[in-house]
Amino acid sequence: MLHLSAAVDQPSAYDASSYLTLARLAERGGLDFVTLEDSFALPGPDALAVLARLAPATSRIGLVPTVTTTHTEPFHVQAAVATLDWVSRGRAGWRIDVSSTEGEARLFGRRQAAPADALWQEAGEVADVAAKLWDSWEDDAEIRDVPTGRFIDRDKLHHVDFRGTSFSVKGPSIVPRPPQGHPVRVVDATDGPARRTAARYADVALVRAASAQQAAAARDQLRSMAADLGRHPDQLRVLAGLLVDLGDGEHAAEPGHGGGGPRQTPQGPLYRGGPVDLAELIATWHGEGIVDGFHLTPVEPLRDLERLVNGTVALLQHRGLFRTFYPGSSLREHLGLARPANQYATTGER
């Protein structure tokens, strides 16, 4: 199954309607999910809040905001992501990131900037405790028994009692278990320090690769690391991350682009050409088992996403390589990922 997703980032855009236009366009193309970047280092609206606004105005597309695990409270982060899953009826994801600069640290004044290795270790611990807190309510913990006045079966709430290197959480969560069990966790695993965290905790790993060889090597390493950590490699989807500039319309791609592959730039791997050559690149990399799909960031958001959906995606659908409708309603169903069992209910812990 080919998986496609897109970024809806728009610098200096604060009007929710512009984000909604892009999300609905991606949904019309059947894309698995959209992402919205966020950072304490750059001005802009809160990504999770924007996508929560888009949730009731969309029906199938997955919604994946970036939420940093640095300088934030893990308990609050997991509750916010769980709430997004509820308001979107099971379409939430969470792009896990870290905040590494001294400027970001000064915004909070609690600690200094830390090395990437330490930050990604902490991010893994936050991902771990988030899953425990999502499971701290069993699926049938809410009984809503009006005659007796009992809202919750207290035996089906669980303390997680988690202690990490920089925080501790007792639990349980204040939000019932999300519709997906665990909202989908996404990690950009391009850089080394993030790769181990992705292999252990991510459902989707993004890899910015300028060649098929780089992408294949990253996917093989991630799957191997996942297996070494006790996961089945098929539980992890690896998507190639590309900037796409479709301003050339149907003209031939520039040398080094299109059928020849992306070109490395200071902003990341860039494809510049037409929708037809992009479709060929996607079909080739996926058909050869190099990646499970692509995460595409339009250079010109509206123009390039329109050409992606109306051109590239339509061609892939015509060739039978990409779905023409959503077979399910949740992001996990889009990605072919099972709903996780509740770790406390299955072990019988009380």
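The structure is a predicted model, with an average pLDDT of 93 for the protein. A pLDDT of at least 70 is reached by 95% of the residues.

Trp 285 is located in helix α8, which spans residues 275–287. The relative accessible area of Trp 285 is 6%, and because this value is under the 20% limit, the residue is classed as buried. Beyond its neighbours within four places in sequence, Trp 285 makes contact with Ala 209, Ser 211, Ala 212 and Ala 215, with Ala 240 and Pro 262, and with Ile 290, Val 291 and Phe 294. Gln 213 lies 72 residues from Trp 285 along the chain, yet the C-alpha atoms of these two residues are separated by 9.9 Å.

The second largest pocket has a volume of about 560 Å³. Its lining comprises 22 residues, and those nearest the centre of the pocket are His 182, Arg 185, Arg 231, Gln 235 and Pro 340. Classification of the lining gives 10 charged, seven nonpolar and five polar residues. Two helices, α5 (116–134) and α6 (192–201), each provide at least two residues of this lining. The most is given by α5, which contributes three residues.

Methods
Residues are numbered from 1 along each chain as its sequence is written. This is a predicted model: local features need pLDDT of at least 70, side-chain atom pairs count only at pLDDT 80 or more; totals for chains, interfaces and linings use all residues. Side-chain values use heavy atoms; hydrogens and water are left out. pLDDT is the predictor's confidence in each residue, from 0 to 100. Helices (H or I, at least four residues) and strands (E, at least two) are DSSP runs, numbered from the N terminus. Buried means under 20% relative accessible area, exposed over 50%, partly exposed in between (1.4 Å probe, protein chains only). Contact means heavy atoms within 4.5 Å. On a 1 Å grid over the protein atoms alone, a cavity is a set of points where a 1.4 Å probe fits but cannot get out, and a pocket is an open set with protein on both sides within 12 Å along at least five of seven lines; lining residues have an atom within 4 Å of a point. Grid points are joined across faces, edges and corners, and a volume is the space filled by probe spheres set on the points. Ala, Val, Leu, Ile, Met, Phe, Trp, Tyr, Cys and Pro count as nonpolar, Asp, Glu, Lys and Arg as charged, and the others, Gly among them, as polar.
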